[in-house]
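Have the viewer open while you read.

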Amino acid sequence: MEGRRVIGWAARDVSAHLSPYSFTLRKTGPEDVELKVLYCGVDHTDLHQMRGELMPINYPLVPGHEVVGEVVEVGSEVNKFKLGDKVGVGCLISSCGKCLSCNSNNEQYCDQRVFTYGAVNKDGTPTHGGFSSAMVVHQKFVVQIPEKLAPEQAAPLLCAGVTAYSPLKQFNNSDKAIKAGILGLGGVGHLAVLIAKAMGHHVTVISSSEKKKVEALEHLQADAFLVSSNAAEMEGAAASLDYILDTVPAFHSLEPYISLLKAGGKLIFVGVSTKPLHFNNDELILGNKSLTGSFIGSMEETQELLDFWAEKGLSTMIEVVKMDYINKAFERLERNDVRYRFVLEVAGSNLE
């Protein structure tokens with residue numbers, strides 16, 4: 001099945017409108033896995049990429065980096081997967097394999113990492129994502145979907161989920177009670193609440209208004225809800241949190257949140273602001289507090305999260321839609337009109 005033609009949905013320009021597009025899969029190598037795409041999550045990053053807001057884009061662009069599929073072909077040297085396995089592909093499909101980051105199982109920080117779409121394979125062909133009927137990926141960048149986990153449930157974990165899990169795992173199995181803050185309750189934020197709660201943390205959701213209070217406390221089972229625009233509430237919560245996971249992908253003031261950290265606390269960024277963020281460093285110095293960032297997660301961490309999710313019996317909050325609904329889904333996503341993740345049912349969308 002080398003070089004066979006497949007169908008995806010592609011953006012042709014910065015308008016980000018998607019329409020059917022035929023392309024050729026790259027040649028299957030000895031360590032490659034070909035998968036029939038079953039489901040793919042829909043992420044805000046996809047919209048930014050299609051519009052060329054994050055990096056220069058060569059169109060047509062086939063997005064999708066929360067990909068769940070079924071193995072239909074394996075290379076001669078593949079030893080991790082077999083035909084029929086349910087597998088996942090996240091944000092990366094290659095790295096150099098030689099640098100310090102790669103050798104320490106942190107390939108997401110490799111300078112030569114290759115993104116699942118909008119990049120170039122080592123053979124010079126463009127990378128295309130999971131808004132398509134099939135993909136060919138090196139086995140190193142494929143993970144096993146646990147049998148107990150429904151494939152559509154797994155999709156959001158492959159980017160949004162591991163983006164939360166990777167920085168939070170440092171606080172897992174702590175010998176002390178951990179008080180956590182989750183700033184922003186969207187695609188990443190809601191998964192972060194579920195993960196932190198499953199790790200046994202006391203979780204406070206921090207939001208700019210009370211609009212999501214019931215959702216946070218009753219549906220996600222957070223322990224507390226803090227309105228950042230309420231000065232009295234913020235003052236009452238000062239120096240109370242061990243960490244804050246900042247999932248907000250927009251400009252916001254940092255000082256109110258730094259004040260919520262205990263001495264030695266961490267403010268961890270996983271949402272990318274479109275403008276520079278500013279802060280005074282006196283509280284960091286006087287409180288031994290730190291600002292740090294985390295980028296998605298490693299392949300090892302992605303598999304850890306899938307196994308953790310299945311073991312804990314957790315559920316993602318998704319809305320499954322057909323491929324021909326994708327442009328409408330992005331319109332709704334931009335209005336935050338989804339709870340909390342669209343997942344495309346690719347296999348049932350007549351892309352063969």
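Predicted model: local features only at pLDDT ≥ 70, side-chain atom pairs only at ≥ 80, totals over all residues.

1. On to the helix itself. Helix 11 covers residues 326-334, and its buried residues are I326, N327, A329, F330, R332 and L333. An α-helix has 3.6 residues a turn, so residues three or four places apart point the same way. As for partners, the buried residues of helix 11 pack against strand 1 (5-11), strand 2 (18-24), strand 16 (318-322) and strand 17 (341-345), plus helix 1 (44-50).

2. Now the domains. Domain 1 comes in two pieces, 4-159 and 315-345, while domain 2 runs over 164-293. Taken over C-alpha atoms, the centres of domain 1 and domain 2 are 29 Å apart. Eight residues from domain 1 and nine residues from domain 2 take part in the contact.

3. About 790 Å² is buried between domain 1 and domain 2, with carbon and sulfur atoms giving 58% of that area. On the domain 1 side, M317, R339 and Y340 lose the most area to domain 2, together 59% of what that side buries.

4. Lastly, the polar side of things. One salt bridge is counted between domain 1 and domain 2. R339 forms a salt bridge with E215, and their closest N and O atoms sit 2.9 Å apart. Two residue pairs are in polar contact across the interface of domain 1 and domain 2.

Methods. Residues numbered from 1 in each chain as written. Heavy atoms only, no water. Buried < 20%, exposed > 50% of the residue type's maximum accessible area, 1.4 Å probe, protein only. Helix = DSSP H or I, 4+ residues; strand = E, 2+ residues; numbered from the N terminus. Contact = heavy atoms within 4.5 Å. Domains from an automatic or database assignment. Buried area = accessible area lost by both parts, 1.4 Å probe. Salt bridge = Lys/Arg side-chain N within 4 Å of Asp/Glu carboxyl O. Polar contact = N/O pair within 3.5 Å; in protein donor to acceptor, adjacent residues only side chain to side chain.
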